[in-house]
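Hi,

I promised to pass this one on to you, so please have a look when you get a moment.

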Protein chains: 2
Amino acid sequence: MTATAQSTDNTTTVPELDHEALTRLVDYWKAANYLTAAQIYLLANPLLRQPLRREDIKPRLLGHWGTSPALNLIYAHLNRLVRLTGQDVLYVTGPGHGGPALVANTYLEGTYSEIYPAVSRDVAGLTRLVRQFSTPGGIPSHVSVPTPGSIHEGGELGYALVHAFGAAFDNPDLLVAAVVGDGEAETGPLEGSWKGISFLNPRRDGAVLPILNLNQYKIANPTVLARHSREQVTNLFTGHGYDVHWVEGSDVEQVHRDFAAALRTAYGQIREFQVAARRPGATVTDAPHWPMIILRTPKGWTGPREVDGVQVEGTFRAHQVPLAGVRDNPAHLAQLEAWLRSYEPERLFDAGGRLIADLAALAPDGDRRMGAASYANGGRRTEPLRLREWRSYALQIDPARRGTLLHETTRPLGELLRDVYQDNPTTFRVFSPDELSSNRLGAVLDVSDRCLVAPIEPTDDRVSPDGRVMEVLSEHLCEGWLEGYTLTGRHGLFATYEAFAMVSASMVVQHTKWLQEASKLDWRVPVPSLNVLLTSTCWRNDHNGFSHQGPGLIDTVVPLSPGVARIWLPVDSNTLLSVADHCLRSRNHVNLMVADKQPHLQYLTADEAAEHCARGASVWEWAGTEARHGRDPDIVLVGIGDVPTMEILAAADLLHQFVPSLSVRVVNVVDLMALLRSDLHPHGFSNPMFRALFTNETDVVVGFHGYSRAVHQLLHGRPNPSRFHVRGFMEEGTTTTPFDMVVRNGVSRFHLARLAVEFARTTHPGTDRLVDHCELSIERHHAYVTEHFEDLPEIRDWTWPGRG
Amino acid sequence: MTATAQSTDNTTTVPELDHEALTRLVDYWKAANYLTAAQIYLLANPLLRQPLRREDIKPRLLGHWGTSPALNLIYAHLNRLVRLTGQDVLYVTGPGHGGPALVANTYLEGTYSEIYPAVSRDVAGLTRLVRQFSTPGGIPSHVSVPTPGSIHEGGELGYALVHAFGAAFDNPDLLVAAVVGDGEAETGPLEGSWKGISFLNPRRDGAVLPILNLNQYKIANPTVLARHSREQVTNLFTGHGYDVHWVEGSDVEQVHRDFAAALRTAYGQIREFQVAARRPGATVTDAPHWPMIILRTPKGWTGPREVDGVQVEGTFRAHQVPLAGVRDNPAHLAQLEAWLRSYEPERLFDAGGRLIADLAALAPDGDRRMGAASYANGGRRTEPLRLREWRSYALQIDPARRGTLLHETTRPLGELLRDVYQDNPTTFRVFSPDELSSNRLGAVLDVSDRCLVAPIEPTDDRVSPDGRVMEVLSEHLCEGWLEGYTLTGRHGLFATYEAFAMVSASMVVQHTKWLQEASKLDWRVPVPSLNVLLTSTCWRNDHNGFSHQGPGLIDTVVPLSPGVARIWLPVDSNTLLSVADHCLRSRNHVNLMVADKQPHLQYLTADEAAEHCARGASVWEWAGTEARHGRDPDIVLVGIGDVPTMEILAAADLLHQFVPSLSVRVVNVVDLMALLRSDLHPHGFSNPMFRALFTNETDVVVGFHGYSRAVHQLLHGRPNPSRFHVRGFMEEGTTTTPFDMVVRNGVSRFHLARLAVEFARTTHPGTDRLVDHCELSIERHHAYVTEHFEDLPEIRDWTWPGRG
């Protein structure tokens, strides 16, 4: 597929909606509304072929009616668009609480029964359809992973638009219809997502059509946008760059007519922009004013207008279940029956319980059905990345002189990513909050500019509308775009400052949940992993200060699904390359890679790195003295992460120098989950493997990149975990030197060496001298930084002499 | 202070800026620009009284020049406003990387030297001023806690406006000038913050004046807003509700003149809105079109125009240090000297190194100086909340019938909060993402409406412009407003769904860092704590499904500063009341309170709850069999959190029933940090206290609210931690029943009882029967949910018979 695959002869205009078509479309909508309400209320009698009885009602009424009629209306009209134009459409349901609406539509179009044959297109299937909804052992109440056609869980609001744009990038044939609730529109991430069109290139990307459902209420409150004048709302979205089309009202036929006209206009604009941009020789110099639709309809439209004398339709009271007392209140039961019968199910479904043919014909066929779209089951579209041999980017390391070369760890990864861009021109992107060069990944700019679909100035550096490197000052956008990009079958990397990765932590959590659920469904084909590079880490944000120092995302990801969550702490460039190569080939994982960008010591040859990363953790024999002593270690030193590993190595040197009779083992852990028991995580080491590294009883001193207790929690259940003495980031920081950072947090070589002799099993000659040396060194350092302020310390004590 | 304290006779209009005043103001600005650049570069020779030498230059150049000239311009003009009107102004620095600019201004106005006497207003002080900046042992490079006049750390971008609005609520005399960078304006939280004016009431709140510094570049890229037309940008902010005033250019005098005029107009509008709204009998029915200023000036304005033939001023290259090679490149050194001398320091500072009197007079006096504003040191303004005796809201519990009353745990807290509103009409607010009633805190609506400064419709429920209950569908806004509110000395509570508290997790982290640093500075008076109620928890979001089930914020907060972080898991209404009372009285803490809103069993009388919460954890003798057996326990059962505690109690009953000879102790932990060693957290139990609860060697079965390893990490360092067997949320969820949730996650009574007999030290009669019973019960449950789907399970097995 090339970036301009869609032929320009696709039908660009949709015919106007004539009266007959309108009537049928409204009927289709009624069928969807009926099945929506039926799912919320019924557990039997799905077509009301008997009078409604108390026993037909679910014991516990769950679900969200309020947003559903609008979701159904939009679905029906998009069906028509697809049918008439052949356009591929992905439906993103921002008001995802309206799960029954999407289930209803995918059932009506047939995809639901194909995926879940038990929910067949007959009365038995309909019975199952209504019973399963929001029922233990059934399906969740929201648009969720089991919902066909969805890439978007509707629980945590805010990400509909950012997912939509991520799906549209590099999918030129795709139109993403993104329904946004006016409640969701209040969230920060959603508000920030409107700017997606400044990064959407009509030549090579698909289109996003936002449809704001301005139904005016949230659970309990009016929305902010609901009370702004139409002029003010128009200004807002015009200001975001959109051409706004309003559809307002509560007259069924009129709203349908107006929506059809608005969609027709909007689609015409989209195709016009695309056709113009995709003409040979055309160039894109600014973002078109893409259309959006504002659909202002009553909340819970067509539902109960009043209940017990209080208005429900058009108010917050229609948000969830508008009639709550139906099992105990005969009047409510009667009102429910009247409401359900108002959709005339007997006219819409045939004797067998199947949607009548006349209406069924309104849905598209095959994979054009939105519930069957391959885009929404991205694994079906995924092709493996073309990846060159990662060793070709590796640093040359002389095993006789390890730890003598200082190199920016992430820079070779940038070179690898450059060639990934080159070799996969439409299926790979890097996303970064304005930090790509800062994070030493700038090599990708040799083959692709940064993307900005806007006028370019001479003072810009490698920025253009044709650029495909995504930089925007928003972790939410970077992370969310990557989610949308991978869920539709493409590959990518989100590279960010470690501390500010917490900004989008909740998105990582929710995406992990999505992948966990997806892996349980056979029909969901695995998608490329969400790869997150955490760099500019706490230890080397000595220049930016305390706000920039926070390794907390590790603690967020550790408890998540072991089938999905992976945490890597490569210690140098070659281990980072090996890990990144693995992650870029993986599927259905969330890979955190933690590696700083500053110059760091380099230790392993490419082959050693490959073997080390494949194992997850190894003894570094060249760094210990065990072999020389020919006996089990007196102490095990463990480095996890770049800076702590350097300090561990320097501590090993101090031990060697002061206490030469001590047998020291040095271990490095690159795959953090290896510390977990093998029954708790697929990467967890078996107890024999664990013992082979850490012995059974010897004390272990660990220098860890993050908060020390993140390691302690992993070690629970291992033999004798109390012998592990972990030092890590303890939330002490400021603008200072790198070495002061490790001293402040007790992870300096001096702290670690002192700790090692404290816990070594027997006392060896030289121990007292070592302890004195360490304590004196720490004292001197403190004096240096605090009392001898006038001496203005340079960076020092920040190397390691290397070892053959 | 009343809500309309500011007299209407405050000078509403600022005189126009005449030429002489302009000249002096420009000179003041030059002095600030000079000191800004001097801090970035110099370690000596601060006034260039000697020719600039290599040795005068810092070895490591850190800091952000790009944004600083604009920050200085705004500060100088606000000084003038304050001086001429007597207005209290708080300066919020969104582009907080421009730390040296704020330090320069607070130094020039005198507050810096008052707080830090060593940085005196003479050459010695100036030397210290420049040396300390971004230097180990000195001060951080950003606007941060040590910066006088700041409530806002400039590291993690996105929160300038939300902090500004939080500060303005209920501070009618305050004007918050919120500078927003156009980089920061790309973040989701900032984009979402513009809507603050829909919640700002001119009668009782202060004003926020946003000043967008459109300097067009981020670190490496143009900003999105920079490339939109002036018309489009105006539309955007008009759409957000603002009246936009543009100030553009690079001609120094013209920009200063235009900015003075814009500020004059804006201030006039603000005062006009306030005076009108504060007239007796006036009512506010809609948000005024508050002014904002867009200041479009070159990035790094007045800095080096070109370096090595490449344009720097006005481009991203001016973001940090525009001349980087000054220590090694004599041409750069000369260019730096010329740049610094262009500000004519010899004319601006007197012989002693003090700003000349003519310019010093341009700063306001005393506490009107923005660096000295009491609002920015909120503890100075804090008055204790008026709190009634919390026991008056307590549920009546009969100790003979514990665990028999089912009550929504959070509801009595709502009643307490209602009276806190009543008794503290201008110093307390609750913030919630549209979930207040859902979370059973609706009693507050009896005394205050929800706030929306917009037209109200008859279908609204207790919403009005005069309401002070803050509901908006954005965790970022809720959390950020509360931060601004408490940092300026008022009290509040953020009540939210547990899972979605992760949305603003990074804000909690950054606020914890702020409080940690503040507690080290004598001059920063402690402020009210950030109180976060996590409710609608994972165990009882059985109706909403997996996306709503996530206790991860606990894991985020556990590793943070022990001086600040507190985590409470009250088990019923009375413990929640006791904890909330404690938290509302506390200072400088971040209190996470975790308690579900659904009906739960109630156990403790008010007095018992008070004692239990004061201890942090206790043995519940009435629930165990230890006393009856008269010997040490064979097993200790521990509940932490409401649902797991109920399951622990039911497990204790099973043990009693099946294995009556077993001696069982039941413990409840309400203060999670009590599990930490006492040297690691002020709430940590000493080892004797710990042993008194958990013995020294007996196995302990824990039912925990969150991820089990959050407990394991706390237990490291305790005697024999491997004997603790913790079951908690293991990331298994969907739409199901509450009981299925505990079964899925292995925390059901059956799982816990089986675990208990597995680990009890000796085998007692009945053990095999108990194990059979538990396994059969779990099997039956699974069959019930999955195979016997047609039976549609109701909620069952979800009680406990109570105990006297």
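Here is what I found, starting with how to read the numbering.

Residues are numbered from 1 along each chain as its sequence is written, and chains are lettered from A, with ligands numbered from 1, in the order in which they are written. Please keep in mind that this is a predicted model: local features need pLDDT of at least 70, side-chain atom pairs count only at pLDDT 80 or more, and totals for chains, interfaces and linings use all residues.

**The core.** The largest nonpolar core has 543 residues (a set of buried Ala, Val, Leu, Ile, Met, Phe, Trp, Tyr and Cys residues joined through C-beta atoms within 7 Å; buried means 20 or more other C-beta atoms within 10 Å of the residue's own, exposed 12 or fewer, partly exposed in between, with C-beta atoms placed from the backbone). Among the residues with the most contacts inside this core are A:Ala178 and B:Ala178. Leaving aside residues up to four places away in sequence, A:Ala178 touches, among others, A:Val92, A:Leu161 and A:Ile211.

**Around β2(B).** Eight of the eight residues of strand β2 (residues 174-181) of chain B are buried, so the strand is largely enclosed by the rest of the structure (strands are DSSP runs of E, at least two residues, and helices runs of H or I, at least four, numbered from the N terminus). Strand β1 (residues 88-93) of chain B runs parallel to β2(B), joined by six bridges (pairing takes at least two DSSP bridges), and B:Tyr91 stands opposite B:Ala177. Seven bridges join β2(B) to the parallel strand β3 (residues 207-213) of chain B, with B:Gly181 partnered by B:Asn213. The chain passes from β2(B) to β3(B) through helix α7 (residues 188-193) in a right-handed β-α-β crossover (clockwise from first strand over helix to second, with the strands pointing away from the viewer).

**A:Trp194.** This residue lies in the loop between α7 and β3 of chain A. A:Trp194 is buried, with 23 other C-beta atoms within 10 Å, and the C-alpha atoms of A:Trp194 and A:Trp481 are separated by 12 Å.

Best wishes

Terms used: Contact = placed C-beta atoms within 7 Å.
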